[in-house]
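Please look over the sequence and the 3D model shown here before reading the report.

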Amino acid sequence: MSASSGNSSPVAIVTGASRGIGIEVAAELARRGYRLGLLARNQKLLQEAARKLEGAAPAVRALACDVQEARQVETAFQELLDWGGRVDVLVNNAGVGVYAPVHRLSEADWDRQLNTNLRGVFYCSKAVIPQMIQQQSGHIVNISSLAGKNAFAGGSAYCASKWGLQGLTYCMAEDLRRYHIRVSVICPGSVHTEFTPHAGKDPKKMLQAGDVARVVGWLLEQEPQSFVSEVLLRPTQKP
Ligand code: NAP
């Protein structure tokens with residue numbers, strides 16, 4: 001949807017919007033004229049992010065929410081829907097990674113990754129889909145990873161969550177295409193954020209958060225009949 005001003009502007013909700021890829025995605029959407037609904041757990045960091053974005057977007061609403069918790073997601077999304085009156089874009093970006101050999105991975109770390117990276121996407125998507133169906137339009141963009149395509153030692157739970165996210169994305173896309181709703185997935189390689197130490201990698205050669213944000217923007221530029229379902233985003237040089 002093209003952007004206009006004030007309360008008629010389209011609305012985008014970004015999870016994990018307090019730093020890293022999420023805040024850059026929010027900034028990209030602000031430049032494109034979206035009103036922003038921002039979610040993350042740490043209220044202080046989220047409010048700081050919201051303040052940075054306030055001048056750029058027609059309106060910003062930031063709410064603390066743990067995407068692992070169904071009730072918190074329901075409450076936060078209801079508040080954002082009441083505020084925005086519509087929802088045009090959901091970027092499921094919140095994610096965590098804990099790397100350890102599978103035999104040393106704790107149940108808690110397994111649960112945290114699966115519940116954030118996969119279950120959280122299910123909860124947040126369910127919270128916007130009825131409104132998107134009513135509008136007969138919308139775009140859900142899931143931030144997966146090349147770890148959703150490739151195995152690496154220590155990545156069992158993270159890869160399982162992102163592999164699962166690939167499946168969830170493609171099935172949601174099939175469920176929703178009849179309502180003119182697109183569900184896409186972006187799979188970046190290593191991105192220079194606070195996400196996890198990338199030991200031995202050259203940050204200058206790594207992807208930057210803005211690179212992922214630009215891809216989100218491009219996905220939203222498509223003509224109504226066109227649907228890019230997946231983007232693999234690699235650094236040009238091996239970091
Ligand atoms: P980041 O800098 O660590 O930021 C993660 C964001 O997610 C923060 O805003 C964090 O805020 C939020 N978050 C984490 N758990 C949450 C929860 N349970 N509920 C709500 N918000 C939560 O990470 P990033 O690098 O920007 O990563 C963003 C996404 O990109 C993730 O899905 C990640 O898997 C994916 N990705 C990252 C890379 C990479 O190399 N960095 C590569 C490929 C894909 P709070 O902690 O305050 O909640």
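Predicted model: local features only at pLDDT ≥ 70, side-chain atom pairs only at ≥ 80, totals over all residues.

Residues are numbered from 1 along each chain as its sequence is written, and side-chain values use heavy atoms, with hydrogens and water left out.

**The sheet**

Seven strands make an open sheet with parallel pairing, in the order β3-β2-β1-β4-β5-β6-β7. At its edges lie β3 (60-64) and β7 (230-233), each of which pairs on one side only. On average, neighbouring strands of this sheet are turned by 15 degrees against each other, direction ignored. Strands here are DSSP runs of E with at least two residues, and helices are runs of H or I with at least four, both numbered from the N terminus. Two strands pair if DSSP finds at least two bridges between them. Strands of a sheet pair through backbone hydrogen bonds, either parallel or antiparallel.

Strand β1 (residues 11-15) runs parallel to β2 (residues 35-40), and five bridges join the two. Within this pairing, I13 has G37 as its bridge partner in β2, and A12 has L36. Helix α3 (residues 70-84) packs on the sheet and touches β1, β2, β3 and β4 (89-92); its direction makes about 170 degrees with that of β2. Such angles run from 0 to 180 degrees between N-to-C directions, with axes fitted as lines to C-alpha atoms, for helices over the stretch in contact. Contact means heavy atoms within 4.5 Å.

Strand β1 is largely enclosed by the rest of the structure, because five of its five residues are buried. Buried means under 20% relative accessible area, exposed over 50%, and partly exposed in between (1.4 Å probe, protein chains only). In a regular strand the side chains alternate between the two faces of the sheet. In β1 both faces are covered: V11, I13 and T15 are buried on one side, and A12 and V14 on the other.

Q68 sits in the loop between β3 and α3. Its relative accessible area is 18%, so Q68 is buried. Leaving out residues up to four places away in sequence, Q68 touches R41, D111, R112, N115, T116, R119 and Y123.

**Salt bridges**

The whole structure holds 12 salt bridges, each defined as a side-chain nitrogen of Lys or Arg within 4 Å of a carboxyl oxygen of Asp or Glu.

D109 and R112 are about one helical turn apart, because they are three residues apart in helix α4 (residues 107-135). D109 is partly exposed at 21% relative accessibility, and R112 is partly exposed at 33%. R214 and D211 likewise lie three residues apart, about one turn, in helix α6. R214 has 39% relative accessibility and counts as partly exposed, as does D211 at 23%.

What does the bridge between E230 and K149 tie together? E230 lies in strand β7 and K149 in the loop between β5 (138-143) and α5 (156-176), so the pair ties together parts that are 81 residues apart in sequence. E230 is partly exposed, with a relative accessible area of 21%, and K149 is partly exposed at 35%. Elsewhere, E28, R31, R32 and E221 are linked in a network of salt bridges.

Apart from neighbours within four places in sequence, L232 is in contact with L146, K149 and C187. The C-alpha atoms of L232 and S145 are 8.2 Å apart, although 87 residues separate these two along the chain.

**A nonpolar surface patch**

Y99, F152 and F195 form a nonpolar patch on the surface, together showing about 250 Å² of accessible area. Patches are made of residues with over 30% relative accessible area and no salt bridge, with like charges joined within 9 Å and nonpolar side chains (Val, Leu, Ile, Met, Phe, Trp, Tyr) within 5 Å. Accessible areas come from the Shrake-Rupley method with a 1.4 Å probe, and for residues only the protein chains shown count as cover. F195 is placed in the loop between β6 (181-188) and α6 (209-220), and F195 counts as partly exposed at 33% relative accessibility.
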